[in-house]
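Here's a quick tour of a protein model to go with the picture. Have a look at it first, then read on.

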Amino acid sequence: MEANFERRFPSSDFMDRLLVSTRSTCTEVFSLLSKVDWSKTPVGEPQCWPIGLKAATNLLFNSSQPMWMSWGDESTFLYNDIYIPILGNKHPKALLSRLRDVWSEVWEVIEDLIERVILKEGGSIFNEDYTFYLRRNLDLPLEETHFCFSYSPLYDEHLAIRGMICILMEVTSAALRNRRISTLRDLGSLTGRSEEEILQSAVTSLSKNELDVPFGVLYTISDDKANIVNHIRLDSTQTDKYFPAEINLSCVEKTEHVVVKNILECIRTGQITKFSTIQLKDLPRAAQNEQVRECIAAPIHLYNRTQGVLICGVSP
């Protein structure tokens, strides 16, 4: 096998030959690698790479599946073009960086998997739906992501583990959709003897989905007044500060109170409204202690009229 690989990719022009073989699948990454002074990188000159590293990069750059790999004591990070969207604006800085620096926000999780399964046991890892909180956009909060992936060890010519390779597929959209459909299914099957019971049951259903609904407040409407009847993950200090217990709907048309203003707009239009909560810093936080930056006010229609307004924090 080694002889066949060397005949296909002679060490003297390994990167040139690899570029030819991957011209249609990895043009962006290779345009960056073509400018690299390899002597200054932890992996050194490609013509001096061990067979294991050459074989792994050949697989990586010829794959039509998102893949990344790390090699050596510095866990030098390489990836293919199809992986770039997963990196977000970490690309192109991530190329040839240390793995722990690229994914610093989840390094404790990755390190545990690598140390426990690959380095100590020489085994592989496969997971169909693993949750990572990634910062793919450095200007935005941590993002809940889900991946189906496998980690496998990479060996040098002495059969020593020198790195790892990851084949993955992002399944975030499907995971979030399934979770939210489950919540909607619960809401759609609500029953009760009275309007109040139905509304209270709705709050109970939403409270089970903390990842999508970090907090919430339910107002019911009666006799030109909106009154809080229930809330989700809010204490009395927070409700007193931001969510009036009772709102006289006939006397607040020109209010600047952000919550009251959006409740009025929601009732007037019968539509969902959105508003910023960036200035409301002591509200409950979302997963990974991220600030909730936006709320929605949604009208609740029962028996052809607006019976209440549900205000929910939106997970970032």
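Which residues does Tyr79 touch, not counting those up to four places away in sequence? In this predicted model, the answer is Val29, Leu60, Phe61, Met67, Trp68, Ile84, Leu87, His91, Pro92, Ala94 and Leu95.

**The nonpolar cores**
- Tyr79 also turns up in the largest nonpolar core, which has 44 residues. Together with Trp68, Phe77, Trp103 and Tyr151, Tyr79 touches the most other members.
- Helix H7 (residues 107-119) gives this core its largest share, five residues.
- There's a second, separate core of 24 residues, and Ile221, Ile247, Val260 and Val292 are among them.
- In general, nonpolar side chains tend to be buried together in soluble globular proteins.

**The six-stranded sheet**
- Six strands form an open sheet with antiparallel pairing, in the order S8-S7-S6-S11-S10-S9.
- S8 and S9 (273-276) sit at the edges with a single partner strand each, so one side of each has no neighbour in the sheet.
- On average, neighbouring strands here are turned by 25° against each other, direction ignored.

- S6 (residues 216-222) and S7 (residues 225-232) run antiparallel and are joined by seven bridges; one pairs Gly216 with Ile232.
- Two residues lie between these strands in the hairpin, where Asp223 takes a positive phi near 55°.
- S7 also pairs with S8 (residues 246-248) over three bridges, and Ala226 has Ile247 as its bridge partner.

**Helices across the sheet**
- Helix H9 (residues 195-207) lies across S6, S7, S10 and S11, at about 40° to S7.
- Helix H11 (residues 258-269) lies across S6, S8, S9, S10 and S11, at about 170° to S9.

Key
Residues numbered from 1 in each chain as written. Predicted model: local features only at pLDDT ≥ 70, side-chain atom pairs only at ≥ 80, totals over all residues. Heavy atoms only, no water. Pairing = 2+ DSSP bridges. Helix = DSSP H or I, 4+ residues; strand = E, 2+ residues; numbered from the N terminus. Core = buried A, V, L, I, M, F, W, Y, C linked by side-chain atoms within 4.5 Å. Buried < 20%, exposed > 50% of the residue type's maximum accessible area, 1.4 Å probe, protein only. Contact = heavy atoms within 4.5 Å. Axes fitted to C-alpha atoms, helices over the stretch in contact; angles between N-to-C directions.
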